[in-house]
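Okay, thanks for coming, everyone. Let me put the model up on the screen, and then we can walk through a few spots together.

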Amino acid sequence: KGARELVVNSLEHVLPLLIAELSDWSATTRCKAAATLFNVLVYAEGHIKGHAERLLAAFAKACMDEDPNVTALSLSCVRLAGAFLPADLFVSTVDTNIRGTGSTVGGKRSWAAVLATLLEGSSEQDVAPLLPSLCDLVDD
């Protein structure tokens, strides 16, 4: 309980720093940030809900990183986040970003990759009621 509590109490301070490092110029720093973020997500579990939009936006950029190691680590983070975030929350966030007026083809592609990976980590019971919305989103 002690380590989990420490991580949860530090999320507000730690996540912005890790998210910033996911965009660092150095691939080594980006890899270390993604690996650290994975461990933070393990300990934070469902407490990441309040940080979902910020995390998902960072994941949308990181999952298309030029370094394959950063991409793989980032996708592991996304998959884990799918287990902890309510599906209605992440589907809504992804939907807003895919259908946004300023979305480029590349941006839509990265958000679609995030959605697919979040779905891999989420439960069938959580996703099942959202299938019509998901089909509609994919259809667009």
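Let's start with Asp-88, which sits in helix H5; helices here are DSSP runs of H or I with at least four residues, strands are runs of E with at least two, and both are numbered from the N terminus. Asp-88 counts as partly exposed because its relative accessibility is 49%. On that scale, buried is under 20% relative accessible area, exposed is over 50%, and partly exposed is in between, with a 1.4 Å probe and protein chains only. Asp-88 and Asp-126 are 38 residues apart in sequence, and their C-alpha atoms are 7.9 Å apart in space.

A bit of housekeeping before I go on. This is a predicted model, where local features need pLDDT of at least 70 and side-chain atom pairs count only at pLDDT 80 or more, while totals for chains, interfaces and linings use all residues. Residues are numbered from 1 along each chain as its sequence is written, and side-chain values use heavy atoms, with hydrogens and water left out.

Now, the helix pairs. Two packed helices are described by the angle between their axes and the distance between the axes. Helix H5, residues 87–98, packs on H6 at an angle of about 165°, and their axes are 9 Å apart. The axes are lines fitted to C-alpha atoms, for helices over the stretch in contact, and the angles run from 0 to 180 degrees between N-to-C directions. So H5 and H6 are roughly antiparallel to each other. The cut-offs are under 35 degrees for roughly parallel, over 145 for roughly antiparallel, 65 to 115 for roughly perpendicular, and oblique for the rest.

Who makes that contact? On the H5 side we have Phe-90, Val-91, Thr-93, Val-94, Asn-97 and Ile-98, and on the H6 side Lys-108, Trp-111, Ala-112, Leu-115, Leu-118 and Leu-119. Contact, by the way, means heavy atoms within 4.5 Å. The residues of that H5 and H6 contact come out as nine nonpolar, two polar and one charged. Ala, Val, Leu, Ile, Met, Phe, Trp, Tyr, Cys and Pro count as nonpolar, Asp, Glu, Lys and Arg as charged, and the others, Gly among them, as polar.

H6 also packs against H4. The axes of H4, residues 68–84, and H6 come within 6 Å and cross at roughly 55°. That makes H4 oblique to H6. In this contact Leu-75, Val-78, Arg-79, Ala-81, Gly-82 and Ala-83 of H4 meet Val-114, Thr-117, Leu-118, Glu-120 and Gly-121 of H6. Those contact residues of H4 and H6 split into six nonpolar, three polar and two charged.

Ser-122 lies in the loop between helix H6 (105–121) and helix H7 (124–127). Is Ser-122 buried or exposed? Ser-122 counts as buried, because its relative accessibility is 13%. Its side chain reaches the backbone oxygen of Leu-119 at 3.1 Å. Not counting residues up to four places away in sequence, Ser-122 touches Gly-82, Ala-83, Phe-90 and Val-127.

Gly-106 is in helix H6, and it counts as partly exposed at 44% relative accessibility. Gly-106 and Lys-61 are 45 residues apart in sequence and 10.0 Å apart in space, C-alpha to C-alpha.

On to another pair of helices. Helix H1, residues 2–21, packs on helix H3, residues 52–62, at an angle of about 15°, and their axes are 10 Å apart. That makes H1 roughly parallel to H3. Glu-12, Leu-15, Pro-16 and Ile-19 of H1 meet Arg-54, Leu-55 and Ala-58 of H3. The H1 and H3 contact residues are five nonpolar, no polar and two charged.

Next up, an arginine. Arg-30 is in helix H2, and it counts as buried, at 5% relative accessibility. Which side chain does Arg-30 join in a polar contact? That would be the side chain of Asp-65, at 2.7 Å. A polar contact is a pair of N or O atoms within 3.5 Å; within protein, one must be able to donate a hydrogen and the other to accept it, and residues adjacent in sequence count only if both atoms are side-chain atoms. Leaving aside neighbours within four places in sequence, Arg-30 is in contact with several residues, including Glu-21, Trp-25, Asp-67 and Val-70.

Last stop: Glu-45, in the loop between helix H2 (27–44) and H3. Most residues other than glycine have a negative phi. Glu-45 is not a glycine, yet it has a positive phi of about 50°. Glu-45 is partly exposed, with a relative accessible area of 32%.
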